[in-house]
Amino acid sequence: MSTAPSHEALLHAYVDDQLAPTERAHFERYLVEHPLADERVASYRRQRELMRIAFDAVLHEPVPERIHVGRHRSRFAATWRAAAALAWIAFGGALGWLLRGEFATLPAQRAAETELVQRARMAHVIYTAENRRAVEVAASQEQDMIRWLSKRMNAAVRVPNLTEFGFQALGGRLLPGDHGPACQIMYQNAAGKRLTIYLARADGAARPVRFGDEDKVHVVFWSDGTLAFAVSGELSNDELARIAAAVARDSRTRG
Amino acid sequence: MLSNAAVGDQIPSLRRYARALTGNREAADDLVQDTLERALARSALFRPGGNPRPWLFTIMHNVFVNQVRSAASRRTVHLDLDSMDAAGQDLAHQGLAVRDIERALALLPAEQREVVLLVGLEALSYADTAKVVGVPVGTVMSRLSRGRERLRGLIDGAQETAPLKAIK
């Protein structure tokens, strides 16, 4: 390690927000003069961000039945639980019949949606941080890019025009998805802020527009049956919703 | 004495940490369940008014270390630094995969992975992390430093290798 141990400890404490305000200001001045240390701070923060994107979903998962705090349940409780379970099954059956098709695939669908949002957000964080290699194919070769992505995705991919929101397309890249290829199209505005559209193959059912869990990077997602869309950016939900509407409008003119 | 509710509140975050630590849903939930059982058996030892969070993570650390130790005695796989670097190189050729934090974490030695996750993911203070893994704060800092630097090589390293591939 090139820096002195004290600087090393300070650097981590700075990344982890464990410095007092004066120490913090002091260290920020140090960072201005030490670009290598500054680069490490940025990289460690990105690591932390990626970890949260990768694992925070676990917090929202239902806790599996086999995990419980108490060990011993009385026989009465067990019987009662069995009865309650039967009642729920009966109720579920009735409800299922009433809502035929509507919510039948809910848990699987929710898992797929979490996966989509997570992958879109992860790809957003990773590639918007890149400078020279942000995209694989630049938007300057738009027709080439559209042909290439459409062929790989086996669906008509479009690059919606978002200039009315101040965003210009930078280009796109192909990504590995859970069910075949996925792709990302990146945009940037005059202030250097970036926005990404993530596309994956959908399961055939159209889904309404929804927002992902609260996070620094906001995600709005939906599916038109053929493609699942996720638009990500450090924008307000309002702004993002307007952009998503434009993307959805544009994709409906696909043909 | 520790209330079931206080323990129950920590289950989501214990599951998140266990998932990141083991990289496997089943193994992670086993680890959580073993931790909860042991916590219950020892709840009389919990200091009243104490913080259940570091206490539970300490128990999980002990269960995890025992599991790793018994797994290591069954299998005689020795992962040295060179073979881990080779694995990292393999990942570097899989595009996005190398940037996949889960895989990069799996390549860290367990003692570094624990510290990186307790601090970065669970936001424990350095002092609490030291208590949880049972080492001095200085050791926590050096594990954190080595772990993060290694992750940086695995995740950001691809940027350096990618242009080389393109030249041929």
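Predicted model: local features only at pLDDT ≥ 70, side-chain atom pairs only at ≥ 80, totals over all residues.
## Confidence along chain A

For chain A the average pLDDT is 81, and 82% of the residues score at least 70. Among the elements of this chain, strand S4, which covers residues 194-201, has the highest mean pLDDT, at 94, whereas helix H5, which covers residues 75-98, has the lowest, at 54.

Two stretches of chain A have a pLDDT below 50. One of them is residues 1-5, a stretch that has seven contacts in the model beyond its near neighbours in sequence. The other is residues 96-105, for which the model shows one contact beyond near neighbours in sequence.

## The contact between chain A and chain B

Chain A gives 39 residues to the contact, and chain B gives 44 residues. The area buried between the two chains is about 3,900 Å², and carbon and sulfur atoms give 59% of that area. On the side of chain A, the residues that lose the most area to chain B are A:Phe55, A:Arg66 and A:Val69, which together account for 18% of what that side buries.

Which kinds of pairing are found between the chains? The count of salt bridges between chain A and chain B is six. A:Glu61 and B:Arg25 form a salt bridge, in which the closest N and O atoms are 3.5 Å apart.

## What chain A brings to the interface

The elements of chain A that give two or more residues to the side touching chain B are helix H1 (5-15), helix H3 (35-55), helix H4 (57-60), helix H6 (106-128) and strand S2 (167-176). Of the side of chain A that touches chain B, the largest share, 12 residues, comes from H3(A). Sorted by class, this side of chain A has 20 nonpolar residues, 13 charged residues and six polar residues.

## A closer look at A:Ser232

A:Ser232 lies in strand S7 of chain A, which covers residues 227-233. Is this residue buried or exposed? A:Ser232 counts as buried because its relative accessibility is 0%, and the cut-off for buried is under 20% relative accessible area.

Leaving out residues up to four places away in sequence, A:Ser232 touches several residues of chain A, among them A:Ala120, A:Arg121 and A:His124, as well as A:Leu195, A:Thr196 and A:Leu240. A:Val217, A:His218 and A:Val219 are also among the residues that A:Ser232 touches.

Note on methods:
Residues numbered from 1 in each chain as written. Chains lettered and ligands numbered in written order. Heavy atoms only, no water. pLDDT = per-residue confidence, 0-100. Helix = DSSP H or I, 4+ residues; strand = E, 2+ residues; numbered from the N terminus. Contact = heavy atoms within 4.5 Å. Buried area = accessible area lost by both parts, 1.4 Å probe. Salt bridge = Lys/Arg side-chain N within 4 Å of Asp/Glu carboxyl O. Nonpolar A, V, L, I, M, F, W, Y, C, P; charged D, E, K, R; others polar. Buried < 20%, exposed > 50% of the residue type's maximum accessible area, 1.4 Å probe, protein only.
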